[in-house]
Amino acid sequence: MSNPVKAALKAGIFRLESAADALVGREANPLYHLGAMSWFFFWVVGASGLYLFIPYETSAVRAWDSIEYISRVQWYWGGMIRGLHRYGSDAMVLSMMMHLVREYAMDRYHGARWFAWFTGVPLIWMVFASGITGYWLVWDMLAQYLALGTAEWMDWLGIFGQSIARNFLNPGALTDRFFTLLIFIHIAVPLFLLFAMWIHILRINRADVNPPKQLAIGTMIMLVALSLIHPAQSHDSANLGLSTGVLNPDWYYMALYPVFDTYGPAVAWAAAIGLSVLLSVMPWMVRYRRPQAARVSPPDCNGCGNCASDCPFGAVTIRPRSDVSPHREIAVVQSEVCTGCGICVASCPHSNPFNKGQILSTGIDLPNFAFDSMRKQAAARAGALDTPVRIMVFGCDHGAVLKDIKMPGVAIMSLPCSGMLPPSMVDYLLTRKLVDGVIVTACRPGECFHRLGPEWVQQRMDGERVPKLRRAVPRDRMRVIWAASTETTSLVREIAEFREELAATPVKGAAE
Ligand code: HEM
């Protein structure tokens with residue numbers, strides 16, 4: 001990664017994540033689930049909005065009163081729900097923006113993932129449109145300010161026959177029909193948003209749309225507490241005959257209004273459209289050599305579907321075969337969606353280093369880093385070790401920097417993703433006594449460049465997911481260690497500790 005801004009952002013994010021890990025634990029750390037948190041807040045806002053819709057009066061003269069009623073008279077329930085609606089909306093902006101920055105910093109926005117990035121940009125517009133129309137509905141002084149400001153922006157475009165702003169200059173011009181239209185927009189835009197959110201994750205296999213239970217419960221408790229301690233309140237009722245006075249804006253949604261008040265609608269539109277266009281074309285602004293897509297070997301593929309199930313991007317599908325074969329189905333790779341992570345290679349039951357043959361062929365493989373070459377290189381590097389304790393470290397090109405590890409008795413091998421390592425490779429190296437211990441290091445879960453690598457590594461090594469590590473493989477001779485690219489030093493420390501442990505443990509004889 002040569003971009004210094006991206007590198008600095010990434011280092012900052014890793015620090016923040018480690019700090020949050022220490023505070024709330026890895027499972028409940030929201031920074032690993034920012035997309036899922038945005039979904040979660042959407043549901044909170046949607047459900048609370050439905051409740052608020054019941055007492056809301058779509059009337060220019062009664063809208064403000066109806067909201068005041070639920071806030072003040074029914075503060076313990078209606079007021080709390082209003083708080084959930086407001087703070088949930090703020091939290092959605094926050095989580096969405098942090099999600100955007102994180103995906104950028106982690107370099108997960110170009111190549112095959114252009115689709116998720118590109119379809120993310122309209123979501124920003126829709127979230128803001130939903131929030132701002134919501135503030136209009138309250139019809140207080142803040143709504144008056146927003147309505148007038150937004151109307152002036154719209155008028156500047158000159159696409160509406162008559163001035164919209166004129167409606168807000170004359171108190172008599174504002175009708176109940178206008179409020180009916182407003183509530184229609186405030187409901188329709190989030191519905192479109194939901195549809196667009198679904199499109200956004202269409203090319204992501206097993207998209208993380210639900211935060212872990214403890215994170216969801218903790219967040220909900222905090223939202224409820226905030227809503228009760230600091231209830232959402234309105235300004236004074238709107239009065240188009242008066243100026244708005246001092247306002248207390250919601251900066252999550254309105255930060256740009258005062259700026260644009262100063263510089264005018266032309267600057268507002270130029271900034272909003274310019275920024276959106278810039279964001280939209282970002283996936284094509286990086287110089288990026290697309291990795292070669294995985295390739296299926298028809299004679300070796302039995303159509304088991306493991307690769308399709310494990311692929312983080314749904315790049316592999318199982319289709320009926322047209323060739324002569326004892327198997328009815330075959331894996332098919334959609335090369336433009338494939339990120340070349342090799343996770344599918346590890347999923348294939350044929351990716352087994354114990355198999356015989358000069359050249360190992362497997363059902364699905366990476367053309368530029370074939371499974372056969374992985375076995376040969378691993379065996380050669382392990383064979384070159386001549387210390388009393390020999391350790392093989394497998395890692396990935398995005399986590400701890402393996403090439404910086406220079407330790408006697410330690411061979412390293414970097415894969416496109418640690419999820420490309422089949423557990424049988426660990427078994428092979430230990431059973432054949434090519435090494436005394438194996439370490440598999442992967443990015444910290446939630447940070448994997450290829451999304452699902454660490455999860456699959458852990459589950460396969462724990463025997464919870466196929467292909468499973470044989471139970472007979474001595475677990476004290478292997479380790480799985482999470483290490484981000486900034487944690488190479490701590491990985492070195494853990495390798496040294498493992499080496500000492502191995503030196504102190506007599507080899508009982510490897511698994512049969
Ligand atoms: C309403 C707002 C949004 C929601 C609810 C949302 C939700 C999600 C979810 C659930 C995922 C899947 C995460 C995973 O399983 O790894 C995701 C991925 C992604 N999102 Fe968003 N997102 C939103 C806005 C955005 C925006 C504004 C951008 C950037 C312009 C963006 C860019 C991405 C990218 C690039 C990925 C793919 C990550 C990968 O391939 O590893 N999202 N989003």
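1. Helices (H or I, at least four residues) and strands (E, at least two) are DSSP runs, numbered from the N terminus. By that rule the protein chain has 17 helices and eight strands. The structure is a predicted model, in which local features need pLDDT of at least 70 and side-chain atom pairs count only at pLDDT 80 or more, while totals for chains, interfaces and linings use all residues. Residue numbers start from 1 along each chain as its sequence is written.

2. Overall dimensions and burial. The C-alpha trace of the protein chain spans about 90 × 55 × 40 Å along its principal axes. Of its 512 residues, 37% count as buried; a residue is buried if 20 or more other C-beta atoms lie within 10 Å of its own, exposed if 12 or fewer, and partly exposed in between, with C-beta atoms placed from the backbone. Two residues are in contact if their C-beta atoms, placed from the backbone, lie within 7 Å. Among contacts between residues at least 6 apart in sequence, 74% join residues at least 24 apart.

3. Nonpolar cores. A nonpolar core is a set of buried Ala, Val, Leu, Ile, Met, Phe, Trp, Tyr and Cys residues joined through C-beta atoms within 7 Å. The largest has 66 residues, and Met 392 and Leu 429 have the most contacts inside it. Beyond its neighbours within four places in sequence, Leu 429 is in contact with Ala 378, Ala 382, Met 392, Leu 434, Val 435 and Val 438. Another core, of 46 residues, lies apart from it and includes Met 96, Leu 100, Phe 168 and Leu 223.

4. Ligand shell. The ligand is surrounded by 27 residues, the closest being Gly 35, Ser 38, Ala 116, Gly 120 and Asp 208; a residue is near a molecule or strand if its C-beta atom, placed from the backbone, lies within 6 Å of it. At least two residues of this shell come from each of helix H2 (34-53), helix H4 (75-105), helix H5 (114-138) and helix H7 (176-200). H5 gives the most, with seven residues. By class the shell divides into 17 nonpolar, five polar and five charged residues. Here Ala, Val, Leu, Ile, Met, Phe, Trp, Tyr, Cys and Pro count as nonpolar, Asp, Glu, Lys and Arg as charged, and the others, Gly among them, as polar.

5. Packing of H6 and H11. Helix H6 (residues 141-157) packs on helix H11 (residues 265-281) at an angle of about 85 degrees, with their axes 9 Å apart. H6 is therefore roughly perpendicular to H11, a label for angles of 65 to 115 degrees. In the contact, Glu 152, Trp 153 and Trp 156 of H6 meet Pro 265, Ala 266, Ala 268 and Trp 269 of H11. These comprise six nonpolar, no polar and one charged residues.

6. Backbone points to inspect. Val 466 and Pro 467 are joined by a cis peptide bond, with omega about -10 degrees; Pro 467 is in the loop between helix H16 (453-461) and strand S8 (478-482). Asp 107, in the loop between H4 and H5, has a positive phi of about 65 degrees although it is not a glycine. Because Asp 107 has 18 C-beta neighbours inside 10 Å, it counts as partly exposed. Arg 451, in the loop between strand S7 (437-442) and H16, also is a residue other than glycine with a positive phi, near 75 degrees. Arg 451 is buried, because 26 other C-beta atoms lie within 10 Å.

How values were computed. Axes are lines fitted to C-alpha atoms, for helices over the stretch in contact, and angles run from 0 to 180 degrees between N-to-C directions. Angles under 35 degrees count as roughly parallel, over 145 as roughly antiparallel, 65 to 115 as roughly perpendicular and the rest as oblique.
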